Amino acid sequence: MLFQDSVGVDIRRDRVSMALLNGAFRGVRLAAHDVYNLDGDRPIRENLSAVAVRLREFKRENRVGKADIFMGIPEHLVMSREIEFPLAVKENLRATLGYEMEKYIPLPADAVYFDYQITEEDRAGNRLRVLLTVVRRTDLTPYIDLCKTLNGGVSGIEAASTALANCLAYASERRAGAGRKRGIAKPDDAGSDGQDFSGIGLPVPELAPAFGLALRSHWTAPMQVNLFPHEMRKRPGRIGYYVMFGLIALVILGGLAWGGGHVMRQRMAVKDLDTEIKRLSAEVAEIDRLRSRIETAETRIEDLRQLSRGQEPVLDILRELTQLMPENTWIQDFSLSEKGGRINGFAESASELIPLLEGSPLFRDVVFLAAITRNKDGKERFSIGLQTVPPPE
């Protein structure tokens with residue numbers, strides 16, 4: 001995290017190593033370090049009391065305020081085992097491990113502190129590979145008691161071997177570049193490829209676990225095991241977030257102030273463009289109205305042309321029907337298409353219309369299309385279909 005301090009405390013039987021890291025825009029920086037020798041023959045609690053004293057002095061000497069503290073314990077206290085589960089147990093993995101702890105570790109669940117990390121998820125094979133890490137409660141209790149005496153609390157406890165693995169992964173990533181794909185290292189693999197800490201500023205290799213511990217505040221480490229009980233962990237500090245948001249706000253305000261004049265000029269130019277657009281829009285609208293009238297006229301002309309291109313002259317047909325129909329006959333509807341003509345209307349005697357129409361040289365195949373009916377005035381309603389005779393060429 002930006003502008004966040006963190007301290008890694010690697011506790012061994014005969015020494016304690018401390019590393020102070022500062023987070024900044026350019027990455028993590030080793031700001032201070034210390035290696036303090038312990039008497040390996042003294043009881044563990046006496047040595048841990050000495051560690052507490054030295055840690056307070058280290059923080060005071062380096063003016064460390066609210067820093068995240070991560071503590072490393074000797075790897076011989078920790079047991080690790082890789083286990084496979086069906087993928088379905090993923091949602092309740094911690095509870096499953098608690099229930100089945102004695103199947104994998106020769107200790108009951110209530111006698112240990114444990115954490116786990118998913119190392120592989122095979123959806124095709126419906127399998128889940130998990131790295132289980134366990135420590136006896138009796139072995140971790142002295143370290144927990146040490147954590148309770150430290151002002152500000154402790155963020156995590158893990159084995160020195162996992163911290164070393166994280167340090168090696170970080171150094172390798174720095175050498176290869178941030179784009180390198182990172183895998184999950186096993187604790188037993190730490191240093192298997194040679195302990196190369198070039199590029200991260202470690203003066204001595206003994207500081208590597210402490211450096212890896214402090215990295216947990218600044219970098220997403222491949223090993224995320226934390227044996228410190230969750231309810232005792234220090235809540236993550238938010239100072240870095242506040243500072244980062246404050247800097248972002250200052251940058252935004254500076255940009256607004258710098259661009260204010262430019263924005264005003266742009267607005268004036270946009271206003272002039274809007275005025276010109278309105279003037280041109282009126283002219284375009286008038287042109288659109290003229291275009292619409294022209295298109296309407298063209299459509300009407302084309303309709304007349306289509307009528308004149310027909311196989312029979314429509315005017316001649318209408319004239320013939322007018323001459324043939326008796327005086328007491330009214331044509332209500334007349335339609336003409338390529339399939340033929342249709343006449344609907346009323347007559348005193350509809351049956352007389354068929355011979356009249358058949359006798360015309362313009363019509364043939366004259367038939368009633370529906371039964372003749374009478375209206376309330378006694379007129380016969382008719383519907384006649386006919387075919388027109390094309391004029392001679």
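Biologist: Does Gly 201 count as buried or exposed?

Modeller: In this predicted model, Gly 201 lies in the loop between helix H5 and helix H6 (208-214). Its relative accessibility is 52%. Exposed means over 50%, so Gly 201 counts as exposed.

Biologist: What distance separates the C-alpha atoms of Gly 201 and Ala 171?

Modeller: Along the chain, Gly 201 and Ala 171 are 30 residues apart.

Biologist: Which strands stand at the edges of the five-stranded open sheet?

Modeller: The order of the sheet is S3-S2-S1-S4-S8, with mixed pairing. An edge strand here has a single partner strand, so one side of it is left without a neighbour in the sheet. That applies to strand S3 (27-37) and strand S8 (156-159).

Biologist: What angle does the direction of helix H5 make with that of S8?

Modeller: Neighbouring strands of this sheet are turned by 20° against each other on average, direction ignored. Helix H5 (residues 160-176) packs on the sheet and touches S1, S3, strand S4 (68-73) and S8. With the direction of S8, that of H5 makes an angle of about 90°.

Biologist: Which residue in the hairpin of S6 and S7 takes a positive phi?

Modeller: Strand S6 (residues 112-122) and strand S7 (residues 127-136) run antiparallel and are joined by ten bridges. Within this pair, Glu 121 stands opposite Leu 128. The hairpin has four residues between the strands, and the positive phi, near 55°, belongs to Asn 126.

Technical notes. Residues numbered from 1 in each chain as written. Predicted model: local features only at pLDDT ≥ 70, side-chain atom pairs only at ≥ 80, totals over all residues. Heavy atoms only, no water. Pairing = 2+ DSSP bridges. Helix = DSSP H or I, 4+ residues; strand = E, 2+ residues; numbered from the N terminus. Axes fitted to C-alpha atoms, helices over the stretch in contact; angles between N-to-C directions. Contact = heavy atoms within 4.5 Å. Buried < 20%, exposed > 50% of the residue type's maximum accessible area, 1.4 Å probe, protein only.
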